[in-house]
Amino acid sequence: MTSIKDKILQRFLTANGEPISGQQLADELHVSRTAIWKHMQALQQDGYTFDTVKKKGYRLIAKSNKLDEMQIATHLATARYGHKIYHYDEVDSTQLVAHELIRNGAADGTVVIAETQTAGRGRMQRPWDSAQGQGVWMTTIVRPNILPHQAPQFTLVTAVALVHAMSDVCYNFKPSIKWPNDILINGKKCAGILTEMVAEADRIQALLIGTGINVNQQQADFPEELHSIATSMAIEEGEKIDRAIFVAKYLGYLEQFGDIYVKEGFGPIKKLWEEASSTIGKHVRATTLREVIEGEAVGITETGVLEIRTANGEIKSVYSADIEVQ
Ligand code: BTN
C-alpha cells in the first residue's frame, strides 16, 4: 500500500512544477495539514527541495538524487515489473536481499535497488564496484514458466532489454552486447548481468536478474585498475542520465522481451541479440572452466550457446566462459 508520504511525492512528481497547497493535499489525502507538513519535512530530509509560492502552496524544485520507488513509478509503463520496489541506501548485495525476498514469496517483477553495495559481486564471485548513487545496482526477481536449463537464455533476454533501454535515453553512442553478459560502449564495459536461480530439478522457482549498470560515474569515480576497461553511460553520452527514466525503460523492455521469450521461445530474442552483438564475426578467446578455445565467433545457437570456429575448422560450443574479443 502506498504511504501518505509517497502519495504526496507522487502528486509533486506529476505536477510539472506547479504549486500545490497544503490544504489541497490534506483534503485529497484525508489527513490534517500538520500531517502534510511533517511528511513534507521528511521528503526534504530524503533530498527533495521545495519552495513556497505565495498563496499557492509548495512547488517541487529539485528531485532527490535517489533512485526511489516513486521516481521510477512515475515513468513506469509495465503490467507487473517494478510494481514492488525495495529501495535501500546501502546493502551487502541486492542479490542477497532478493534471495531472502524469494523465500518470503516475492511476486514476479519485484525489484531490489541499492544506492551502494558493500559486497556487490559479479560472475565467478568477482567483486563489483558499486559507486554511491551513481549506477543502477539492482536485482529483478522474475518467475518465468521455463525449465532450469533455459535460465542462461534469460541473461541474453536481459542484455537485449538493457541495450534497448540505453538507446532510448542516450543518443551519442550505440551499446553492444559481448556474449554472454556484458554491455559495452566503445569497447569498454558499461554493464554486467548476473543471473542466479532458485530451482527444483524440473522447475524454476525464481530467477534473480542482477544488473550492475555504470550510469553517472565520471572516469575518476572508477578505481584506477578499471580506468582502461570500464566506462559509464554519462561518460559516453557527455551528460548526466536520469536513472529513474532509464530503470523504468529497462523494466518495460525486460517484461516485454521476457514475455515474448516465454510465449514464443528464443527465436525472436536471438534475432534482436544478433543485431546488438559485438561478438559475432570477431576472433575471440574463450576461457571456460576446462579449456581455452580460440577462433571466430560464428553465432549463437537456437538456445543461446556461443559457437566458435577454431583454426582447424572445428565448431566448438561454449556454454559459459570469459570472452576476450581480439
Ligand atoms: C558481471 O559482469 O560479472 C555481473 C555484475 C553484476 C553486478 C550486479 S550489481 C546488482 C546485483 N548485486 C550484485 O551483488 N551483483 C549484481
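Helix α1 spans residues 4-13, and its buried residues are I8, L9, F12 and L13. Buried here means under 20% relative accessible area, exposed means over 50%, and partly exposed is in between (1.4 Å probe, protein chains only). Looking down the axis of α1, you'll find these buried residues within an arc of 135°, so they line one face of the helix. That arc is taken from the directions from the helix axis to the C-beta atoms. An α-helix has 3.6 residues a turn, so residues three or four places apart point the same way. The cover over the buried residues of α1 includes α2, α3, β1 (49-53), β2 (57-62) and α4 (69-73). Helices (H or I, at least four residues) and strands (E, at least two) are DSSP runs, numbered from the N terminus.

A word on the model: it is predicted, local features need pLDDT of at least 70, side-chain atom pairs count only at pLDDT 80 or more, and totals for chains, interfaces and linings use all residues. Residues are numbered from 1 along each chain as its sequence is written, and side-chain values use heavy atoms, with hydrogens and water left out.

Now to the cores. The largest nonpolar core has 63 residues, and M233 and F246 have the most contacts inside it. Helix α6 (residues 151-169) supplies the largest share of this core, twelve residues. A second, separate core of 17 residues includes L13, Y48, Y58 and L60. A nonpolar core is a set of buried Ala, Val, Leu, Ile, Met, Phe, Trp, Tyr and Cys residues joined through side-chain atoms within 4.5 Å. In soluble globular proteins, nonpolar side chains tend to be buried together.

Leaving aside neighbours within four places in sequence, F246 is in contact (heavy atoms within 4.5 Å) with V136, L162, A165, M166, V169, I213, M233 and I241. P144 sits in the loop between β5 (136-142) and α6, and P144 is buried, at 9% relative accessible area. With the neighbours within four places in sequence left out, P144 is in contact with F154, I204, L207 and V262. P144 and G109 are 35 residues apart in sequence, with 9.9 Å from C-alpha to C-alpha.

Next, the ligand. It has 20 residues around it, the closest being S93, Q117, R121, R123 and K189; a residue counts when one of its heavy atoms lies within 4 Å. The table lists some polar contacts, which are pairs of N or O atoms within 3.5 Å.

| Residue | Atom on the protein side | Ligand atom | Distance |
|---|---|---|---|
| T94 | side-chain N or O | nitrogen | 3.0 Å |
| Q117 | polar side-chain atom | nitrogen | 2.9 Å |
| R121 | polar backbone atom | nitrogen | 2.7 Å |

Taken alone, the ligand exposes 410 Å², and the protein buries 97% of that. Those areas come from the Shrake-Rupley method with a 1.4 Å probe.

The peptide bond from W179 to P180 is cis, with omega near -5°, and P180 lies in the loop between β6 (176-178) and β7 (182-185). K178 belongs to strand β6 and is buried, with a relative accessible area of 16%. Beyond its neighbours within four places in sequence, K178 is in contact with L184, S278, T279, I323 and V325.

H30 isn't a glycine, yet it has a positive phi of about 55°. You'll find H30 in the loop between α2 (22-29) and α3 (33-45), exposed at 71% relative accessible area. N186, also not a glycine, has a positive phi near 45°. N186 is in the loop between β7 and β8 (188-200), exposed with a relative accessible area of 60%.

How values were computed
A polar contact is a pair of N or O atoms within 3.5 Å; within protein, one must be able to donate a hydrogen and the other to accept it, and residues adjacent in sequence count only if both atoms are side-chain atoms.
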